[in-house]
Amino acid sequence: MQRELQWFQEVEKFIEPSYKEALNKNGKTPRMVFTDAHKKLLVEGQQWMKDTASSCTVVAALIVTMAFAAAFTVPGGNKDDGKPLFLNRGTFMLFIVSDAIALFSSATSVLMFLGILTSRYAESDFLYALPKRMTIGLLSLFLSLVATMIAFSATIALVLQDKVTWIAAPLVIATSIPVCLFGLLQFPLLVELVYSSYGPSIFRKQNNRRIH
């Protein structure tokens, strides 16, 4: 739907302004004809957006819950004065920073996906508004997943570093697996969203292909 809207806007740049509101034999303007011809595509795009946003919202909400709970149940517990037991260790600071990033980025992701779910899904929304929200939501979700894995690794390292010194290498490998899987699955969609929204215009792409 976004690509069709881009084509329509590019064509509008090359026609006389008076033609934009001209009526055909059925009494319809070019915009009305475009709307009638893309009703099915609009519904399909709306359904895809809703399904994707709903699935990602569930994941982001789970990360928000875990990150919020982890902030109040710090590894190692607290001293009698209420301060965390591992407060002076660098790994603990890594846990706190990662957990905060996971909380804020996942909350941002939830808000972006909620913005998609509550959108009016007008034709113009598919041009920039909805793709931009989807891009920000997926990037925030990826960042929250990375931060969550880092926070988990830091927690395990804090708890076991005095007893199991070789735990660092397996942890890095294990935590990188879900991050890599998410990147492989969602990176092509992100690239397509960014390139189609902020890349060169369609006519410029066609001209470049002809030159080459």
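This briefing covers the nonpolar cores and the pockets of the structure above. The model is predicted, so to speak of local features a pLDDT of at least 70 is needed, side-chain atom pairs count only at pLDDT 80 or more, and totals for chains, interfaces and linings use all residues. Residues are numbered from 1 along each chain as its sequence is written, and side-chain values use heavy atoms, with hydrogens and water left out.

**Nonpolar cores**

- A nonpolar core is a set of buried (under 20% relative accessible area, 1.4 Å probe, protein chains only) Ala, Val, Leu, Ile, Met, Phe, Trp, Tyr and Cys residues joined through side-chain atoms within 4.5 Å.
- The largest has 24 residues, and Met49, Phe113, Ile116, Phe126, Met134 and Leu138 touch the most other members.
- At least two residues each come from helices H1 (2-12), H3 (39-72), H4 (90-117), H5 (129-160) and H6 (168-198); H3 gives the largest share, 6 residues.
- Apart from this core lies another, of 7 residues, including Val74, Phe95, Ala151 and Leu158.

**Largest pocket**

- This pocket has a volume of about 310 Å³.
- Of its 14 lining residues (an atom within 4 Å of a pocket grid point), Met1, Gln2, Trp48, Met49 and Phe126 lie nearest the centre.
- H3 supplies the largest share of the lining, 5 residues.
- By class, the lining has 8 nonpolar, 3 polar and 3 charged residues.

**Second largest pocket**

- Here the volume is about 190 Å³.
- Ala70, Phe95, Asp99, Ala151 and Phe152 lie nearest the centre, among 12 lining residues.
- H5 provides the largest share of this lining, 4 residues.

How values were computed: Buried < 20%, exposed > 50% of the residue type's maximum accessible area, 1.4 Å probe, protein only. 1 Å grid on protein atoms, 1.4 Å probe; cavity = no way out; pocket = protein on both sides within 12 Å on 5 of 7 lines; lining within 4 Å. Points joined across faces, edges and corners; volume = space filled by probe spheres on them. Nonpolar A, V, L, I, M, F, W, Y, C, P; charged D, E, K, R; others polar.
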